[in-house]
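Please open the structure in a viewer and keep the selection tool at hand.

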Amino acid sequence: MALVNFWKLPRRICNWRTYSKSSRCTEEKRPEEKTENANNKSGVKFDRTNLFLSITDLPMLDYKLHSHSAAYACTKIQTLQNVSNEVDNYRDAFSLLVEHVPSNVGIKQIRNTYMVTCSRRLFSVTNTLLDLAYSKSSEERHGNAQWPVASKESQESDIVEVYDTKEDPRGFQKIGSAYRALCFWSSEQREELSAKEGQRILGYVSFLKSSLTPERISDYVWQLSWLPTDQHDLMKADSRFAMLCRYSFDNLGAFTLTQLLHLLEAMVRLQLPPSHAFLNALEAEFCRRVWDMEFNQLLFLADLWRCLGRSVPRYMRLVLSYVSLRWKELTMPQLVQLLYIIGESRQAPLDLMQRLELLLSTHLDQMNMEEVGAVCLGFFKSNNGFSEQLMKRIGDKVAANMEDISNYSLVNVMKMFRYTHMSHWPFLKRLGEVAAERIPNIGTQGVMHIVLACASLHYRDSRLLDAVAAKVPSKVRYCRSKDIAKYLWSFSVLNYEPENAEEFFSRLTEQLHHKMHEFQRFPEHFLTALLGLAFTERFPYDLIDVALSPQFIRLATEASKFELKKDLFTLDGTVAIECPSYKGHRLPLHLQQEVRELLWNFARQDICVKPEMVEAATLLQVMLGGPQFVKNHLILPHTRSADLEVHFDSTGKPMPFHTELLNKKAQKLEFKFNGVQITDELISLLAKSQTSKSILKGNPDNLEVREDVENLHKTEDVKERSCMELNAKLLRNDVHLTGDLVNPLTNSKMADKKTVSLPNERSEIKKLAIQVSNRNHYCHNSHILLGLHSMKRRQLVRAGYVVIELPYWEWVPLLKRTRSEKISYLHQKLYNSLG
């Protein structure tokens, strides 16, 4: 292509003196470049700092040269003050540009670089949809901004033991080449672009401007992405890179799909901020083209968004809709990559996940350990679990290949076992053998997830827990508030005191004080930690005072997304029993009553109606003489579980619960018999029946006399006969007729002052708390109580109860035996405890 005759251009476009003056001005500032400029044989010299290229350096392509008189009117050398006076129309845009260009670029260079080449439309503030440049560091703002050739010296800092949330989940992608087309490879090796070449490319951008084609734009951005990492920030702060983004934005519709993917991949390598306006335009364009893409392209694009750290919910919804129609066509690598993307985006419709689980079951045998870990994490993060059958297959597969699985994938499998709450004994047994040796090499967060999963599954292995307890004290400064809370909770739930228990618990408790600022955002972790300490009889009064303060209660009950009232109630009730010297804040009474009613409503609908509980209560009533001798309720409401309560006097005889029982029954009878005509014969009969107390026992609630009493209204001729039938009915039902029953029947206003003596008014009452336990009260495959139930028994003893347990391994098998055998078992349990 023939070179443009620069000398034949209009004088106002090409003024030799203008460029020469610009060179001389630059030479005054940088005298060290005089020699290089002197040796330049080109017809026109350009300052390298400003990157005006010679004509011979232009790329060989067809282009048109446009003339904008308004743009070229400002090519004369002027001071900064004169510029603002002459170009009033560009004042706002110009000030924005000056703010973002490197400070060592002169005002004349700015005019030649931008004003000469850009139209009014490009400079319109209303069209500035992009961030023209990025915020510069303090070094750039206060000194000359230059592109460093040498790498910056690395500063020594502590390495926090956490997983790299962008790299570790992607370990499965590095196993083979099957994922090469599905994901971004940050470790791809290629010769880096030199700073000089980067300047040359930006020079092309400043000269070609609107003549840039989509192909060349994509190629330029791709080449610039291979600059050394330490030069990326300065390159992105260059106004010519902003021009490149702007021209890309203006022509997005002209890019092919491959060019757009190429462009976004380069932006990932350049680490463009996820909120950059240019990415908004790219996302919208990709959403428009979703249905024209293939699985590989959809997954690759989703992976690029993930690497940028940008949330793209609209794009993901479109992708999942696409997958829902063609899910059967997914290959095994595509399925694994898709589940990884779903997990990172935390969203997926349930029906789609069920289909993907079905597809996963067909590919499970071909997956390696890293792929198994990836799919477990994907389902876990999207709040979807596996079926019991699939979880068992995964447990079998991992247990047989435990040595081959990475630490990260092992943690992911543990998360899934915790989520599904499935105990796989071969897997857990193998975990205890292998994981203890790995603990020193796993980050503190990974260790936390392992021990938390063990606690959730009630799996207690001393080798594993001792290894964790030995590691944590020296690494406690790397723990988040969540990690501290879960460590305390896990060891306390498993009711395990390691060899270094004092050091372990004291270091974690000390760290709670340093994390108070985090607990303002996560109050649930603070309560979890304090409850864990309470299980082990450790009570830091200062922290408890904070947790029960009005400010924290308000935060926990109003600002938190979790239901924390039960935790507050449990902590407060524990303090009331076990900390008599505590003088700090307490839970308000109205909140205590609210939670107590909530827990009781749940208990009577779930716990009190369990077959083993109902059977025990029924047989105890038969054995002791009636339902008034057995009370099925929450003895200690804050412990969240119900028990059977029985009282004995000093002679070993059962005592009824009269205090509330009889009063409630009397109220029911008063309502039931309201308006009944009572005759002298009936009152006389009832009065005589009270002399038979020695043979009359029972519960007033068992009276079935409504029909008999109503018969009294039918005729006066059968009064005596009806009264005799009523008396016989009462005798058959073994009803204990007291003044509390007679007064309601007679609508008497005078209450009998002689009431039944209350149990707490009698001396030497022996209170028994009968606990009907189940498998969930114990550690897996053992008879060791979990932390909460161990604390409950401790508190029952302190409250004056004798605790009797009906362990599930004894009582549940008896449920299938004869009634006499069960009563004999209960009799032995109760009366042996009386001594």
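In this tour, one residue covers another when the two are in contact, and contact means heavy atoms within 4.5 Å. The model is predicted.

Begin with the entire protein displayed. Its secondary structure comes to 41 helices and 5 strands. Of the 835 residues, 51% count as buried. The accessible surface comes to about 41800 Å², and carbon and sulfur atoms contribute 50% of that area.

Next, select residues 277-288, which form helix α14. This helix has 12 residues and spans 17 Å from its first C-alpha to its last, close to the 16 Å expected at 1.5 Å a residue.

Now select helix α31 (residues 565-578) together with helix α32 (residues 589-606). Their axes come within 10 Å and cross at roughly 110°, which means that α31 is roughly perpendicular to α32. Which residues meet here? Show the side chains of K565, K566, F569 and D572 in α31, which meet L591, Q592, E594, V595, R596, L598 and L599 in α32. The residues of this contact divide into 5 nonpolar, 1 polar and 5 charged.

Methods: Residues numbered from 1 in each chain as written. Predicted model: local features only at pLDDT ≥ 70, side-chain atom pairs only at ≥ 80, totals over all residues. Heavy atoms only, no water. Helix = DSSP H or I, 4+ residues; strand = E, 2+ residues; numbered from the N terminus. Expected span 1.5 Å × (residues − 1). Axes fitted to C-alpha atoms, helices over the stretch in contact; angles between N-to-C directions. Parallel < 35°, antiparallel > 145°, perpendicular 65-115°, else oblique. Nonpolar A, V, L, I, M, F, W, Y, C, P; charged D, E, K, R; others polar. Buried < 20%, exposed > 50% of the residue type's maximum accessible area, 1.4 Å probe, protein only. Areas by Shrake-Rupley, 256 points an atom, 1.4 Å probe, with all protein chains shown as cover.
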